[in-house]
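Work through the exercises below with the model open beside the text, and try each task before reading its solution.

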Amino acid sequence: MKIFVAFLFVHLIAGILCSEDDKPKNTQNLLMFLGQYISMLSSLRLYRLDYFGEAVKQAVIDKCKKNGGPKAFDDAKESLLSVQNSIDSLINDTVNQVLLVGLESWNVQEQIPRLCDAYMTVLNQTKPALNSVGPCLDEAERASANITYNMMFVGGDFVCGNNGSNLISFYTARGFECFANLPQRNCSVQMPPRDIPVLTDGARMAGAPWSYETSYPSLNDCRTLRAMKICTAEKLSGCAQPEPANLMNSVYAATEKAAGCEIKLNAEASSAA
């Protein structure tokens, strides 16, 4: 679930801890949007093996060789590095473009479609990179990886599809600013307790790259996703305009369906009735 949670549009918005009150009102929403856009791009980088110690690196190498043969690790590393370099370049280009245009001259109707096109291009490039990791994984892990990617793609496509029209609506309704500045309120539902993952090898124990929870998404994961959907809708209901709440509700609904959570949660409700 780690990739999905890092990616999920709402989760990133929820991570805003301050409202940038020292910034001019007309740039506050823009600064928040750009910060979240870069966070979304960064989440597609997965993990660099350099972030981990030698024991973890060796565990990953051994796992790849065991499941995919002697070239599996090198092929996976090369493919992931290519995507990571593309993302790093895009982040730099985004920052440079903002500096060139300037906050006061930034045109949402021109820039969001351009940024969305770049994001979806990178998201499409991420699929072959994940496929290259496949030989390092067992069958259950590959299934979880594919579900995770499908959730990422459905969410990204909903937000950025049709030239970013949904994201433009969210932005022009000052959704980022509204979410950050609304007072804290109790949600009508509670988050379920987190699943405790089953640790089966050195690579997964260390949370290293290319490890996936083999039962993802569990029923508990689906309950968590539903609770996030409800709490976000309740939070955004305090916005002056309906677009932020409507968009995020639709994003969550599409992601639930892509994860198979809709079926699981409906079956649970039927059995409890």
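The exercises that follow concern aromatic rings and their surroundings.

The model is predicted, so that local features need pLDDT of at least 70 and side-chain atom pairs count only at pLDDT 80 or more, while totals for chains, interfaces and linings use all residues. Residues are numbered from 1 along each chain as its sequence is written, and side-chain values use heavy atoms, with hydrogens and water left out.

**Exercise 1.** Classify the ring pair of Phe33 and Tyr37 and locate both residues.

*Solution.* Rings of Phe, Tyr and Trp (its six-membered ring) pair if their centres lie within 6.5 Å; planes under 30 degrees apart count as stacked, over 60 as edge-to-face and the rest as tilted. The structure holds five aromatic pairs. In one of them, Phe33 and Tyr37 lie 6.2 Å apart centre to centre with 35 degrees between the planes, which makes the pair tilted. Both residues belong to helix H3 (residues 25–43), where they are four residues apart, about one turn of the helix; helices are DSSP runs of H or I, at least four residues, numbered from the N terminus.

**Exercise 2.** Determine whether Phe33 and Tyr37 are buried or exposed.

*Solution.* Buried means under 20% relative accessible area, exposed over 50%, and partly exposed in between (1.4 Å probe, protein chains only). Phe33, at 2%, is therefore buried, and Tyr37, at 4%, is buried as well.

**Exercise 3.** Describe the pair that Phe33 forms with Tyr171.

*Solution.* Phe33 and Tyr171 are edge-to-face, 5.8 Å centre to centre and with 75 degrees between the planes. This pair links distant parts of the chain, since Phe33 is in helix H3 and Tyr171 in helix H7 (residues 139–172), 138 residues apart. Tyr171 is buried, with a relative accessible area of 11%. Ring pairs link Phe33, Tyr37, Phe170, Tyr171 and Phe176 into a cluster.

Methods
Helices (H or I, at least four residues) and strands (E, at least two) are DSSP runs, numbered from the N terminus.
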